[in-house]
Amino acid sequence: MRHFLYALSALSLLAVGAAHADEPAQGETSLSPETPEILSLRDQAEIHDRWLAERLDTVVPALMREHKIDMWVIIAREYMEDPVLSTMLNSTSMRARRRTVLVFSDPGNGEPVERLTVSRYGMGDFFKAAWNPEGGDDQWARLAEVIAERNPEKIAVNVSSASAFADGLTSSQYTDFYAALDPEYQKRLVSGFELATGWLETRIPGEMEYYPEIVRTAHSIIGEAFSSRVITPGETTADDVVWWTRQKISDLGLSPWFHTSVSIFREGEPKELMGDTVIEKGDLLWIDFGIVYLGLNTDTQHMAYVLKDGETDAPEGLKAGLRASNDVQDALISSFETGLSGNEILARARQKAIAAGLEPTIYSHPIGYHGHGAGSAIGFWDNQAPSDKGTYRLRPNTAWSIELAAKKAVPEWGGQEIPFRTEDDAFFDGKTVRFIDGRQTRLHLIGEE
């Protein structure tokens, strides 16, 4: 199986708008917003299927034609989901059943891409059934027949050593599929890396209409967690806050995509504190938090200060640390350019930040269907050098977690150095990066209520 090189495309797949005009952009997010109304499951299903129809009609044909792929075959088994196929199932199918096979075939001449499913169970109006198991046909034989009838020159399958997102076809399924094909079609198999990555990373207008509310929901939970409603200095532990967020997510009918982290930075303590450490007045708190809602993920890191008796604001040194992190954000988002690799964006951003006297660590990533989404890495917390995960090139209409840190000495804490770690989600339209629901520019203050 040969693998395509990472592709460069300056062509925008879709004209996707940014967040609502009345939502924060590069400015400050609300630190204690109201939680938006969570839609009923039935309403969520309706939106899911509307988005899926739009994506299948627009994103798939654009990708196949851009990369000159005539057919894309996606195969998954029950309990062994392909990362791509799991995002192409309608709201009532939900999971691969037995063996689910999806086929996209481009007949050319500008005709619509044909969508078929060679599976026991149908897929509603999204994929036309192309196999009748009651007729006695073998599934693999019927799939081979479907392919031969359409005679594609290039058949993409999800096999790739470059990315887990494009590597969903298991070894046994590939072996059985390959054996069922005529030798002529075996030679036409290529990696579906570009298709899988492009499908997963592309955000459509309908998704971006709702993404601000999804991120706002995450911000609202953090705002409540970092308040006196949840934290009582001298009593509440870091883990108490962690599990409060997990319970809150569940109570709202949503899901986390990772377990929340909460840390405490304390004057005179050389390391951050976690777990059963009790939160005290004068502590600097940090949270890493993410939810899944309407199939889309959030990833947020905010910081808070626990006011001492008589204080009305955080020490200036702590506020300066957050400003430094915002400055690194500015260096990064101003470095985005369609066609650049993640490695090139990282180098640009670090050069700007260091020239401004900052101490940056940048480790940003795509977000969308997955928290650590398909696309290019822009650095890692433990590696600020170019990497093989940063060679994929930036495309428009993609969402990003702007995740990074700025190290700063705090004069009020005797020059103690603190990594001011922040993360807020953003959208790149091909020209500009906009924060989906603003970004943190002020510390949450606990005890001011």
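Me: Before we start, what should I keep in mind about the model and its numbering?
Reply: The model is predicted, local features need pLDDT of at least 70, side-chain atom pairs count only at pLDDT 80 or more, and totals for chains, interfaces and linings use all residues. Residues are numbered from 1 along each chain as its sequence is written, and side-chain values use heavy atoms, with hydrogens and water left out.

Me: Is strand S2 buried or exposed?
Reply: In strand S2 (residues 99-105), 7 of the 7 residues are buried, so the strand is largely enclosed by the rest of the structure. Buried here means under 20% relative accessible area with a 1.4 Å probe, protein chains only, and strands are DSSP runs of E, at least two residues, numbered from the N terminus, while helices are runs of H or I of at least four.

Me: And which residues sit on each side of S2?
Reply: Arg99, Val101, Val103 and Ser105 lie on one side, with Thr100, Leu102 and Phe104 on the other, and all are buried.

Me: Which way do S1 and S2 run, parallel or antiparallel?
Reply: Strand S1 (residues 71-77) runs antiparallel to S2, joined by 7 bridges, and Met71 stands opposite Ser105 in S2. Two strands count as paired if DSSP finds at least two bridges between them.

Me: How many bridges join S2 to S3?
Reply: There are 4 bridges between S2 and strand S3 (residues 114-117), again in the antiparallel sense, and Thr117 in S3 is the bridge partner of Leu102.

Me: Switching to the helices, how do H6 and H7 pack?
Reply: H6 and helix H7 (residues 238-251) pack at an angle of about 140°, with their axes 10 Å apart, where axes are lines fitted to C-alpha atoms over the stretch in contact and angles run from 0 to 180 degrees between N-to-C directions. That makes H6 oblique to H7, a term for angles that are not under 35 degrees (roughly parallel), over 145 (roughly antiparallel) or 65 to 115 (roughly perpendicular).

Me: Which residues make that contact?
Reply: Ile221, Glu224 and Ala225 of H6 meet Val241, Trp244, Thr245, Lys248 and Ile249 of H7, with contact meaning heavy atoms within 4.5 Å.

Me: What about H1 and H6?
Reply: Helix H1 (residues 41-66) and helix H6 (residues 205-225) pack at about 145°, with axes 9 Å apart. The contact involves Ile47, Arg50, Trp51, Glu54 and Arg55 of H1 and Pro205, Gly206, Glu207 and Tyr210 of H6.

Definitions and conventions
Buried means under 20% relative accessible area, exposed over 50%, partly exposed in between (1.4 Å probe, protein chains only).
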